[in-house]
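Please look through the structure below and follow how its parts pack together.

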Amino acid sequence: MTRFKKFLILIAFLQLYIILNPLSALAYNTYHVAVLPLVNTANCQDEEIVELVQTKVKNKFKFPFYEIIPAESAARTVQKDTLKKLKDKAAMEKLAKDLSADIVIGVELVQAQSVTVTPSFWGLYSDDDDTYLDTRVLIKCYAYTAKDGTYLSLKASNSGLEPMRVDTSLYNSVGKAMDELIGKLPYKRVPDDALTQKLN
């Protein structure tokens, strides 16, 4: 191998070292998130919808910047009067301390119902042969951030009459309301203080 090739290889290794070395001096700030059990005020019996709500919340908080506290721990800590605790800032602060959580999130499924509507032969719109789905969805979210003591109470809804199509369903209406609600939460995918310099 010629000296020139050896020199090029050495330069390549040095550049790689310079690029990678600063990364080793950085550490992630990981926020511990407690996602509380869903409060199903709507008494929704559809397990897929209930699972959708919980999944949408958890998907907001991605590793390595967020770590979700195991559901069992949250469920044990909140054994009763969950809704009452969600609506009280002091109770949410206590939950954060008890769970060693940086963020506490709770969701209440207030309303989730749908009715299929077929235009009556004698109705005003008898020329309309479409079948409609009348949905009523209301979801509330309560969030507490331990870092600055911020407490939030948010809500989103998706209601109305839609022509029955392939994607017209209560499940999709709940999904849209959840997307709106999750978009209102102030937590970024990568927090502003996500990276900190390690001290030697």
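Leaving aside its neighbours within four places in sequence, which residues is V174 in contact with? This is a predicted model, and in it V174 touches I49, L52, V53, A112, V137 and I139.

Some of these contacts belong to the packing of two helices. Two packed helices are described by the angle between their axes and the distance between the axes. Helix α2 covers residues 47-60 and helix α6 covers residues 170-184; their axes lie 10 Å apart, at an angle of about 25°. Because angles under 35 degrees count as roughly parallel, α2 is roughly parallel to α6. The crossing of α2 past α6 is right-handed.

On the α2 side, the residues that meet α6 are E48, I49, L52, V53, K56, V57 and K60. Their partners in α6 are L170, Y171, V174, G175, M178, D179 and I182. By type, the residues of this contact comprise nine nonpolar, four charged and one polar.

In soluble globular proteins, nonpolar side chains tend to be buried together. Here the largest nonpolar core has 33 residues, and V174 is listed with I105 and I139 as having the most contacts inside it. At least two residues of this core come from each of β2 (31-35), α2, β4 (103-117), β5 (132-145), β6 (150-157) and α6. The element that gives the most is α6, with six residues.

Note on methods
Residues numbered from 1 in each chain as written. Predicted model: local features only at pLDDT ≥ 70, side-chain atom pairs only at ≥ 80, totals over all residues. Heavy atoms only, no water. Axes fitted to C-alpha atoms, helices over the stretch in contact; angles between N-to-C directions. Helix = DSSP H or I, 4+ residues; strand = E, 2+ residues; numbered from the N terminus. Parallel < 35°, antiparallel > 145°, perpendicular 65-115°, else oblique. Left-handed = near helix turned anticlockwise from the far one by under 90°. Contact = heavy atoms within 4.5 Å. Nonpolar A, V, L, I, M, F, W, Y, C, P; charged D, E, K, R; others polar. Core = buried A, V, L, I, M, F, W, Y, C linked by side-chain atoms within 4.5 Å. Buried < 20%, exposed > 50% of the residue type's maximum accessible area, 1.4 Å probe, protein only.
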